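Hi,

Here is the structure I said I would pass on to you.

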Amino acid sequence: MSQNLPEGFLIGKKIELRPMTKEIFKNLHPWMNDHRSRRLARHVLPVLEETTAHWIQEGKSAPSGVVMGIWTKFSQDSPSINIGFVSIFEIDWINRHGELGINLPNPTCWGQGYGQEAVNLMCQFSFSELNLEKVMAHVLEINIGSQKCMEKNNFHKDGTLRNHQFIDGKYENMTIFSILQHEFKPLEP
Ligand SMILES: CC(C)(COP(=O)(O)OP(=O)(O)OC[C@H]1O[C@@H](n2cnc3c(N)ncnc32)[C@H](O)[C@@H]1OP(=O)(O)O)[C@@H](O)C(=O)NCCC(=O)NCCS
């Protein structure tokens, strides 16, 4: 994608969040079945392009969720590219909470601060625009990168679901994280 893109829906320092479309997903789809990311994202069955495209479409239109594409920012040295997506789903509008999901399926994008910032932008959106009171996230105990994304954004560890997911032949624990509206801090500009 080029520098001619309009500014994103939500703007961070390293990334922007843009509406996710089926066309954008086409380029990301091959990475969705990469063993390194799919085991952490809990995609046990093969991810088909048409199924996920349908889910992305639903997230855009249904009031129970919002999906955004994560894009790197354009600079002189590199174009803006889509590296994954972040979502708030299962929104409970009466009790005002939702579940955060994130996936950067290409492991070469990991460890550069994109995940942490995408979580921060999505929380900011959830609290200051959707007016949620709580954002939750279920994270595997073995998923250190995801846990750090939550901890660095001030999420609280609410508890552990023991032996909750069967991964690579053994059961793994799942940590439930949450953050309340008043606990949230936007990243320093
Ligand atoms: C989890 C995920 C979103 C993290 O994104 P990311 O861009 O790599 O995260 P960040 O670069 O912001 O890293 C946050 C912290 O975690 C650390 N980290 C990232 N990946 C790590 C890994 N595999 N092992 C150990 N630490 C890791 C980073 O070094 C950083 O710590 P630091 O600030 O102390 O240096 C990304 O790895 C991913 O999408 N994985 C596959 C799908 C998945 O697991 N989704 C989440 C399901 S709950």
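This is a predicted model: local features need pLDDT of at least 70, side-chain atom pairs count only at pLDDT 80 or more; totals for chains, interfaces and linings use all residues.

In terms of extent, the C-alpha trace spans about 50 × 40 × 30 Å along its principal axes. I also checked the contacts between residues with a separation of 6 or more: 61% of them are accounted for by residues 24 or more positions apart.

Now for the start of the chain. Strand 1 covers residues 10-11, and strand 2 covers residues 15-19. These two form a hairpin, with 3 residues between them. Their pairing is antiparallel and runs over 2 bridges. To find the spot on your screen, look for Leu 10, which stands opposite Leu 17 in strand 2.

Strand 2 has another partner to look at, and that is strand 3 (residues 66-72). This pairing is antiparallel too, over 5 bridges. Here you can pick out Arg 18, whose bridge partner in strand 3 is Gly 69. Is strand 2 mostly covered or mostly open? It is mostly covered, since 4 of its 5 residues are buried. One bit of background for when you look at strands: in a regular strand the side chains alternate between the two faces of the sheet.

Finally, the ligand. There are 21 residues around it, and the ones that come nearest are Leu 40, Gly 115, Gln 116, Gly 145 and Lys 148. Which elements supply at least two residues each to this shell? They are helix 2 (35-41), strand 5 (97-103), helix 4 (114-128) and helix 5 (144-152). Helix 5 gives the most, with 5 residues. Sorted by class, the shell around the ligand has 9 nonpolar, 11 polar and 1 charged residues.

Cheers

Terms used
Residues are numbered from 1 along each chain as its sequence is written. A residue is buried if 20 or more other C-beta atoms lie within 10 Å of its own, exposed if 12 or fewer, and partly exposed in between; C-beta atoms are placed from the backbone. Two strands pair if DSSP finds at least two bridges between them. A residue is near a molecule or strand if its C-beta atom, placed from the backbone, lies within 6 Å of it. Ala, Val, Leu, Ile, Met, Phe, Trp, Tyr, Cys and Pro count as nonpolar, Asp, Glu, Lys and Arg as charged, and the others, Gly among them, as polar. Two residues are in contact if their C-beta atoms, placed from the backbone, lie within 7 Å.
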